[in-house]
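Q: I have a model open and want to go through its side-chain contacts. Can we start with charges and rings?

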Amino acid sequence: MPVAKVSTERTPSTPPPARGRRLLFVVLGLLGLGFVISLPWQQRQWKQVEKLRSETQSQQVRLESLQTLKNKATASEQSLGQNPESLEALFQASEAAFTQNNRPRVAQLLATIEEKLQTNPTPDIAACMALSQLYQRLGWLDRGLFYAEKAVALDPKSPPALVTLAFIEAHLGWLERAWPHLKQAQSLAPDTPGIHSAQALLHDQMGAYDEVEKSLQAALKQTPNDWPTSVLLARNQMAQKRFTEALATLAAAEKSAPSQPGILSAQVEAQFSLAQQKVKGAPTELTTALELAQRYLQLSPDSAPDGHYWIGKILLTQKKEKEALAEWEKIYTPQTDSQPLLIGMGQLLVRQGQRARGEVLLARSRELRRSGEEYTRWISNTRDDFKNPEQHRQFARWCQKEGRLPRAIIEWEQVLVHLPQDAEARSSRDRCIAQRNKR
């Protein structure tokens, strides 16, 4: 009788043999273990992709922002060509020239605005305030002070004019003059833009960091998306070694202004300072700071000196002296007046055997420090004896010798307030004005 064949094929419902099940579990276990082991690597890859996407997006925003500014500059010049007598067109062209970092063009345009205002039969307080603020940005505090005082003279109860004047007085160290103007503005209109920022500046000069922070927080409450105020707040936090808080402040500012190099610059400094403060976490913090500095340099080539300085500083901390020196060589010139760069590069050159050249840089840094300290003393001494024309005369002579021409002009004019016929004050002031205009 024939024996029937027994099929060894399994139907879908037939369970695998015990040995097969064990092998299947082993294979699945190995796959699962491989996935778990690779998970940190995958997470790093995801983070790198997300970081690259974010940086690319920020760079695109920055490029679009730069193109927009370039287009505005071109349009402003075209508008000025069509309306050469228009104050509005002149102011717009001045703002555009600032965005292009074209300081000679700014000075030329502001001089033209001055001529228009002098021939205008109707005093324009708004134009005086705008001109004062633009001169402040240019660094010509003497002209900024002149037009701020003129604006207040036109309307002594104008809060914006009073705030504009208080800002310049604070920059000059004239605290006793700035505070009354600021308090008057606040009593007239507490919500006037700039009041809290001016208060912060005055508190900062007095070393009252807690009050600085309160004033800046109040300013941000008034204008939440004002990133320059956020940067000031972060720098105040850095001055108190609160670097983690500073980074949080800057991160919040970056959300509303992702393409601003000014935020990135402050982030680099805060991240580097945090690395210096830490011990175990320093390598990671330094790597982050280096990436930020490289991104800052990429987004803002005009800020090359600042970017290369921080890259060099970070590389030096990482014991990469050759690479650090190469970065600093890119930005050093005999006219360099950055004390941190001169000190860092000078010390590095000495260590690397270039003692003579290093000592030249270190001597230059000491001279700059001496000048800065003397300037601070002159401000303090003059503030304490403000009504003495001879004190202003001595300060003016010192400023003129040191090349601080806008301040020299201001001090010579203070001499003329008390001694209108003083020949030295008049001739020296005029020489300083001529020299300043040539720069």
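A: Start with Arg143: its charged end sits over the ring of Phe146, 4.6 Å from the ring centre. Keep in mind that this is a predicted model.

Q: Which ring does Arg404 lie over?
A: Arg404 lies over the face of Tyr375, with 4.2 Å to the ring centre.

Q: Back to Phe146. Which residue does Phe146 form an aromatic pair with?
A: Tyr147. The pair is edge-to-face, at 4.9 Å centre to centre and with 85° between the planes.

Q: Is Tyr147 buried or exposed?
A: Tyr147 has 1% relative accessibility, so it counts as buried. Phe146 is partly exposed, because its relative accessible area of 38% falls between the 20% and 50% limits.

Q: How many aromatic pairs does the structure hold?
A: Nine. Another of interest is Tyr309 with Trp328.

Q: How are the rings of Tyr309 and Trp328 arranged?
A: Their centres are 6.0 Å apart and their planes are at 15°, so the pair is stacked. Tyr309 lies in helix α14 (residues 304-317) and Trp328 in helix α15 (residues 321-329), so the pair ties together parts that are 19 residues apart in sequence. Both residues are buried.

Q: Which residues do ring pairs link into a cluster?
A: Phe272, Tyr309, Trp310 and Trp328.

Q: Ok, salt bridges. How many does the count come to?
A: The count comes to 22 salt bridges. One of them joins the side chains of Arg242 and Glu213, at 2.8 Å from N to O. This pair links distant parts of the chain, 29 residues apart. Arg242 is in the loop between α10 (227-239) and α11 (243-256), while Glu213 is in helix α9 (residues 209-222).

Q: Why does Glu213 count as buried?
A: Its relative accessibility is 14%, and buried means under 20%.

Q: Which residue does Arg295 form a salt bridge with?
A: Glu254, with the closest N and O atoms 3.5 Å apart. Arg295 lies in helix α13 (residues 282-299) and Glu254 in helix α11, so this pair ties together parts 41 residues apart in sequence. Arg295 and Glu254 are both buried.

Q: And what about Arg370, which partner does it have in a salt bridge?
A: Arg370 pairs with Glu374, and the closest N and O atoms are 2.6 Å apart. The two are four residues apart in helix α17 (residues 355-384), so about one helical turn separates them. With 26% relative accessibility, Arg370 counts as partly exposed.

Q: Which residues do shared partners join into one network there?
A: Glu367, Arg370, Glu374, Lys401 and Glu402 are joined by salt bridges that share partners.

Q: Switching to the nonpolar side. How many residues are in the largest nonpolar core?
A: There are 45. Leu110, Ile113, Leu131 and Leu138 touch the most other members.

Q: Which elements give two or more residues to this core?
A: Those are α2 (87-99), α3 (103-119), α4 (125-138), α5 (141-154), α6 (159-172), α7 (175-188) and α8 (195-205). Of these, α6 gives the most, with eight residues.

Q: What is Leu138 in contact with, leaving aside neighbours within four places in sequence?
A: Leu138 is in contact with Phe98, Arg103, Val106, Ala107 and Leu110.

Q: How many residues are in the second, separate core?
A: The second core has 29 residues, including Ala293, Tyr296, Leu315 and Ile331.

Q: Last topic, backbone. What is phi of Lys241 near?
A: Phi of Lys241 is near 65°, a positive value in a residue other than glycine. Most residues other than glycine have a negative phi. Lys241 is in the loop between α10 and α11, and with a relative accessible area of 58% it is exposed.

Q: Where is Lys319, and what is its phi near?
A: Lys319 is in the loop between α14 and α15. Its phi is near 70°, again a positive value in a residue other than glycine.

Q: Is Lys319 buried or exposed?
A: Lys319 is exposed, with a relative accessible area of 73%.

Terms used:
Residues are numbered from 1 along each chain as its sequence is written. This is a predicted model: local features need pLDDT of at least 70, side-chain atom pairs count only at pLDDT 80 or more; totals for chains, interfaces and linings use all residues. Side-chain values use heavy atoms; hydrogens and water are left out. A salt bridge is a side-chain nitrogen of Lys or Arg within 4 Å of a carboxyl oxygen of Asp or Glu. Buried means under 20% relative accessible area, exposed over 50%, partly exposed in between (1.4 Å probe, protein chains only). Rings of Phe, Tyr and Trp (its six-membered ring) pair if their centres lie within 6.5 Å; planes under 30 degrees apart count as stacked, over 60 as edge-to-face and the rest as tilted. A charge sits over a ring if NZ of Lys or CZ of Arg is within 6 Å of the ring centre and within 35 degrees of the ring normal. A nonpolar core is a set of buried Ala, Val, Leu, Ile, Met, Phe, Trp, Tyr and Cys residues joined through side-chain atoms within 4.5 Å. Contact means heavy atoms within 4.5 Å.
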